Amino acid sequence: MKKILFFGILFLTVLFSIAKYQQWNVNEIALSVFTAIKKVKGQEVDFSSLEKEFSEVKFCEDWPVLLKEYVSEEGNVDYLGFKNDSL
């Protein structure tokens with residue numbers, strides 16, 4: 001039990017030292033740890049399909065018109081107007 005506790009504390013100390021040196025935030029640390037676990041388990045996520053999915057960006061030329069028509073000066077949105085608009 002003492003060995004497990006010792007190595008756990010040692011691991012966390014090394015991890016946080018590396019994180020401090022690399023200037024990582026908590027999200028990057030967690031993502032790195034989970035990615036490593038997924039690789040070990042063989043459940044790694046293929047991000048190449050996501051890149052293809054999100055690579056096409058469409059711009060709506062009518063967006064400024066919709067904003068003027070359905071968003072008030074105070075920032076209130078007429079959601080029903082957006083929904084019912086046939087643009």
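Valine 14 has its place in helix α1, helices here being DSSP runs of H or I with at least four residues, numbered from the N terminus. The model is a predicted one, in which local features need pLDDT of at least 70 and side-chain atom pairs count only at pLDDT 80 or more, while totals for chains, interfaces and linings use all residues. Residues are numbered from 1 along each chain as its sequence is written, and side-chain values use heavy atoms, with hydrogens and water left out.

**Confidence**
- The protein averages a pLDDT (the predictor's confidence in each residue, from 0 to 100) of 77, and 77% of the residues score at least 70.
- Confidence is highest in helix α1 (residues 2-22), at a mean of 84, and lowest in helix α3 (residues 48-54), at 57.

**Helix α1**
- The 21 residues of α1 should span 30 Å at 1.5 Å a residue, and the end C-alpha atoms are 30 Å apart, which agrees; the expected span is 1.5 Å times one less than the number of residues.

**Exposure**
- Valine 14 is partly exposed, with a relative accessible area of 42%, whereas phenylalanine 6 is exposed, at 52% (buried means under 20%, exposed over 50%, partly exposed in between, with a 1.4 Å probe and protein chains only).

**Aromatic pair**
- The structure holds one aromatic pair: the rings of phenylalanine 6 and phenylalanine 7 have centres 5.3 Å apart and planes at 70°, so the pair is edge-to-face (rings of Phe, Tyr and Trp, the last by its six-membered ring, pair if their centres lie within 6.5 Å; planes under 30 degrees apart count as stacked, over 60 as edge-to-face and the rest as tilted).

How values were computed
Helices (H or I, at least four residues) and strands (E, at least two) are DSSP runs, numbered from the N terminus.
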